[in-house]
Amino acid sequence: MNRLANEKSPYLLQHKNNPVDWYPWGPEAFDKARREDKPIFLSIGYSTCHWCHVMEHESFEDAEVAALLNRAFVNIKVDREERPDIDHIYMTVCQMMTGSGGWPLTIVMTPDQKPFFAGTYFPKDERYGRAGMLQLVPRLEDVWKTERAKVLESADQILEFVVTNTRPRAGEALGEDVIKSSLAQLKSSFDNRHAGFGSAPKFPSPHNLMFLLRCWRRFKDGPSLDMVERTLQAMRAGGMYDQLGFGFHRYSVDRMWLVPHFEKMLYDQALLALAYLETFQATGKDDYGSTAREIFEYVLRDMKSPEGGLYSAEDADSEGVEGKFYVWDHDELKRVLTDAEFKLVSSLFNVHPEGNFNEMGEPSPHNILHLSGTFRENAARLGYKDEGVLREEWEKARQKLFAIRARRVHPHKDDKVLTDWNGLMIAALAKGAQVLDDESGRYVKGARDAFEFVITRMSAPGGRGRLYHRFRDGEAAIEANADDYAFMMWAAVELYHATFESRYLKHALTFAEILLEDFWDRGEGGLYFTPPRGEALIVRKKEIYDGAVPSGNAVAMWNFLRLAKLTGRAELEERANEIGKIFSSDVRSAPTAHNMMLLGLDFGLGPAIEVVVA
């Protein structure tokens, strides 16, 4: 058992029995590296990551690989969800050095944290042109010993490049032209056959869909709404959606939304629920509202702690196999269902004796339940005069299959509570309470409970509204970052709109004040990701790019504007406008990568006004 045994992170605890002499990130590891004159082997991942599991089983559990790592390096494991500040820096390094990124993230760096090698997954042995750990580690060890001057020079150059290229590029204030530019780029990348954007793999990117809804409203642009609807329908029908237990998997590995990467993340549920809710508001079509209800059912059933906080994720794997919990064999379905039920399920969800997808290019006997089109279209295809009858029959079969599936070995649940991801889900639940029929008050209660959990159980010493980032196993720890406060501000604004209780507005203003006091760059403007009292890392970054979750600066900009309208606090509007200016050149150079900021810009510009010339 190594030093990870005393950690709280489920990801770090997964590695506590590795023969690799892992250290958590901290001064003990860096002091050892300096004392023994060794580089650092930094491995970053998260507990529900399939390829992180693969690399652990192939390499980190292997005695031969572990012996090489222990001899050559001081080895550090980091949970990217616990320490997004570390992950952001070194993922940027990896993308700059290799042109791509992902997890597990592999970095080799000097004892003073300067990187000189980056990559992602490495197998034990070299294959398919990818270096193996048995070849890579001795090579890096030799370079450190024999070419130290070159290594240190390279590390300095990489750091300088990262610092230079992560500084915001200010420019003129953003206007409607950049919204049009992003819209044009999204239209050009739209997949007209399968919906979504680009090719495989396909990510949900719900903030892009929320942006398109605003383009539809601003420009009265029908194609914008069409792209949103087709994408939401395709995702809901496909294998990326859990047709039995509800909720969305992480992404689709193919263009057709059929084969998912099976992990389920809290932030995806939150952002997708918001996209479906807004589309329900725009169209009045209950298919979108019902999908949001199903997402909430999944989250409140499976992801809510007894105390009210919301868990982070569920794994892709069970019993060591990705997706095993979710897929069905044809004969199994035939065995557990009545003839009528089996006929319905197999025809509705594309079940075949030979399976309905390939695994790694090989035939598979398994079936991923997925629809071809909407329920309305399937009712017509299967000869139902009333769509409601089809839904009722499916619901009976669904509950039966759900109960059977519940007896399987469940995927691992990452039960840590993260402030930022809870903020997103609270915002979604509160929005659901506003938009949907919530007569039972279940959605607003779920939002309230999670909000109270964060502000009480995750409150930092000294009060004044400051928070910790992570809670698990009775312990709150790690100073909150800008995303934590920005997303909790969003949550508080939505809870205020759902309840009209002034205390939520006060909380929102408190979070805004903390952002401006602790994170605002008083020289150049914009919000740093890390607090001033936090650990000194090699770069203090300002995040603006929208990844799987939108950037804290973008969410802060939008909600500063919303709070300014609600409270008359003009300084919040001024800070929002400054955020737009400090990042304007970055946004203009890649507008589709910054659509959450453009969503805030749209709010700030106000409704489009038609001028009629007589």
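User: Is threonine 106 buried or exposed in this structure?
Analyst: In this predicted model, threonine 106 has a relative accessibility of 0%. Since the cut-off for a buried residue is under 20% relative accessible area, threonine 106 counts as buried.

User: Which strand holds threonine 106, and which residues does threonine 106 contact beyond its neighbours within four places in sequence?
Analyst: Threonine 106 is part of strand E4, which covers residues 105-109. The C-alpha atom of threonine 106 is separated by 7.2 Å from that of tyrosine 121, a residue 15 places away along the chain. Once neighbours within four places are left aside, the contacts of threonine 106 are Phe41, Leu42, Met55, Phe117, Ala118, Gly119, Thr120 and Phe122.

User: What is the omega of the peptide bond from tryptophan 103 to proline 104?
Analyst: Proline 104 sits in the loop that runs between helix H5 (84-98) and E4. Most peptide bonds are trans, but the bond from tryptophan 103 to proline 104 is cis, with omega near 5°.

User: What is the phi of glutamine 113?
Analyst: Glutamine 113 belongs to the loop between E4 and strand E5 (115-119), and at 12% relative accessibility it counts as buried. Most residues other than glycine have a negative phi. Glutamine 113, although it is not a glycine, has a positive phi of about 75°.

User: Where is aspartate 37 found, and what is its relative accessible area?
Analyst: The phi of aspartate 37 is near 55°, a positive value in a residue other than glycine. Aspartate 37 is placed in the loop between helix H2 (27-36) and strand E2 (40-45). Buried means under 20% and exposed over 50%, so aspartate 37 is partly exposed, with a relative accessible area of 41%.

User: Which residues does serine 59 contact when its neighbours within four places in sequence are left aside?
Analyst: Serine 59 is located in helix H3, made up of residues 50-60, and with a relative accessibility of 0% it counts as buried. Leaving aside those sequence neighbours, serine 59 is in contact with Val65, Ala66, Phe122, Pro123, Lys124 and Met133.

User: Which residues does aspartate 414 touch, not counting residues up to four places away in sequence?
Analyst: Aspartate 414 lies in strand E16, residues 413-418, where it counts as buried at 0% relative accessibility. Between aspartate 414 and arginine 472 there are 9.7 Å from C-alpha to C-alpha, while the two are 58 residues apart in sequence. Without residues up to four places away, aspartate 414 touches Pro10, Ser47, Thr48, Glu81, Tyr311, Ser312 and Ala313.

User: Which helices do the buried residues of H10 pack against?
Analyst: Helix H10 consists of the 16 residues 222-237, and the 22 Å between its first and last C-alpha is close to the 22 Å expected at 1.5 Å a residue. Its buried residues include Leu225, Met227, Glu229, Arg236 and Ala237. These buried residues of H10 pack against helix H8 (176-189), helix H9 (206-219), H11, helix H12 (286-302) and helix H15 (375-381).

User: How many helices and strands does the chain have, and what is its radius of gyration?
Analyst: The secondary structure of the chain amounts to 24 helices and 18 strands. For 614 residues the globule rule gives 25 Å, and the chain comes close to this and is therefore as compact as a globular protein of that length, with a radius of gyration of 25 Å.

User: What share of the residues of the chain count as buried?
Analyst: Along its principal axes, the C-alpha trace of the chain spans about 75 × 65 × 45 Å. Among contacts between residues at least 6 apart in sequence, 68% join residues at least 24 apart. Of the 614 residues of the chain, the share that count as buried is 60%.

Note on methods: Residues are numbered from 1 along each chain as its sequence is written. This is a predicted model: local features need pLDDT of at least 70, side-chain atom pairs count only at pLDDT 80 or more; totals for chains, interfaces and linings use all residues. Side-chain values use heavy atoms; hydrogens and water are left out. Helices (H or I, at least four residues) and strands (E, at least two) are DSSP runs, numbered from the N terminus. The radius of gyration is taken over C-alpha atoms; the globule rule is 2.2 Å times the number of residues to the power 0.38. Buried means under 20% relative accessible area, exposed over 50%, partly exposed in between (1.4 Å probe, protein chains only). Contact means heavy atoms within 4.5 Å. The expected span of a helix is 1.5 Å times one less than its number of residues.
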